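Let's take a walk through the aromatic side chains of this protein. Have the structure open and follow along.

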Amino acid sequence: MLPVRRNLHFNLNSSSVSDWHEQGPYLTQFINAMSIFFPEGERYFIHTVRQYADRVTDPDLRKAVTAFIGQEAMHGREHDEYNRLLTEAGLPAEQVEAHVAAFLNLLKEKLPPAAQLSVTIAQEHFTAILSELVLTDPRLIAGADRRLSSLWRWHALEETEHKAVAFDVYESVVGRGVRAYMLRTTSMVLTTAGFLGLVLFYQQRLLKADDQRRRTDRQSRGLGRFVNFMFRSPALLPRLAMPWLSYFRPGFHPWDHDNRYLLEQMSDLVAEAEGYRREAA
Ligand SMILES: [Fe+2]
Ligand SMILES: [Fe+2]
């Protein structure tokens with residue numbers, strides 16, 4: 001599977017990003033917090049893969065690495081735009097992003113390159129399983145306007161398309177032995193806890209600013225609907241659990257779960273983005 005870099009623009013507008021999920025502000029700000037995480041996160045992924053790029057000898061994997069870097073750079077650019085609109089809407093996206101950057105810089109400073117890459121492959125797996133849910137269950141981004149929906153589905157599709165690239169780099173440079181297994185699985189536990197913990201923390205910051213901005217009362221923030229969404233319907237966390245656990249199988253590979261049929265949606269998305277470009281012209 002060779003990923004392809006696609007230079008797509010979604011021309012979002014501010015009203016579509018600050019208050020959009022049909023399940024209310026709690027869920028909106030949970031997903032917005034992920035968007036704020038992405039540009040710095042993606043620059044971190046690129047950095048960790050690039051550190052090993054010279055040691056990759058397989059020509060197909062080298063091409064895949066180039067495309068992976070190109071895709072993540074495009075995601076970063078479009079999420080920067082999304083996050084700029086959050087700032088314009090009065091939400092503290094810049095402060096949250098500065099916190100993400102400081103945290104990831106600390107990882108770059110303190111961890112050896114193999115451990116840095118193990119964080120990337122853990123996060124790439126987490127993103128890939130989340131992406132499959134976005135692409136198969138419309139409730140995940142229900143309420144998004146068409147541009148925001150296209151942006152999230154495009155990102156999810158490309159995450160699916162390149163889900164094994166960083167993992168293959170890891171196996172080719174760190175190996176498949178016991179030490180490589182211990183490092184990637186330990187990283188998965190810490191990375192998931194760190195990522196979810198930070199996203200929930202950022203969600204609270206965004207909600208607080210959103211309350212002040214709109215004077216929302218506590219009732220209408222949708223905490224009950226958020227908890228329901230996470231645990232009962234569509235039950236985000238239980239549905240992530242099994243594919244998350246599959247990562248702990250020795251010999252695991254991201255394409256053991258073959259969901260490439262989802263990529264058939266890509267041509268529709270390219271056409272949608274082309275439509276937004278024409279509308280903006
Ligand atoms: Fe991405
Ligand atoms: Fe990715």
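Across the whole of this predicted model, a search turns up 15 aromatic pairs. A pair of aromatic rings is described by the distance of the centres and the angle of the planes. Start with Tyr26 and Phe226: their ring centres are 5.5 Å apart and their planes meet at 35°, so this pair is tilted, since that angle falls between the 30 degrees below which planes count as stacked and the 60 above which they count as edge-to-face. If you trace the chain, you will see that the pair joins distant parts of it: Tyr26 belongs to helix H1 (residues 25–53), while Phe226 belongs to helix H8 (residues 223–231), 200 residues apart. Both Tyr26 and Phe226 are buried.

Now turn to Tyr44 and Phe45. Here the centres lie 6.4 Å apart and the planes are at 75°, so the pair is edge-to-face.

Finally, have a look at where charged side chains meet rings. Arg184 places its charged end over the ring of Tyr247, 4.8 Å from the ring centre. Over the ring of Trp255 you will find the charged end of Arg260, 4.9 Å from the centre of that ring.

Definitions and conventions. Residues numbered from 1 in each chain as written. Chains lettered and ligands numbered in written order. Predicted model: local features only at pLDDT ≥ 70, side-chain atom pairs only at ≥ 80, totals over all residues. Heavy atoms only, no water. Phe/Tyr/Trp six-rings, centres within 6.5 Å; stacked < 30°, edge-to-face > 60°. Helix = DSSP H or I, 4+ residues; strand = E, 2+ residues; numbered from the N terminus. Buried < 20%, exposed > 50% of the residue type's maximum accessible area, 1.4 Å probe, protein only. Lys NZ or Arg CZ within 6 Å of the ring centre and 35° of its normal.
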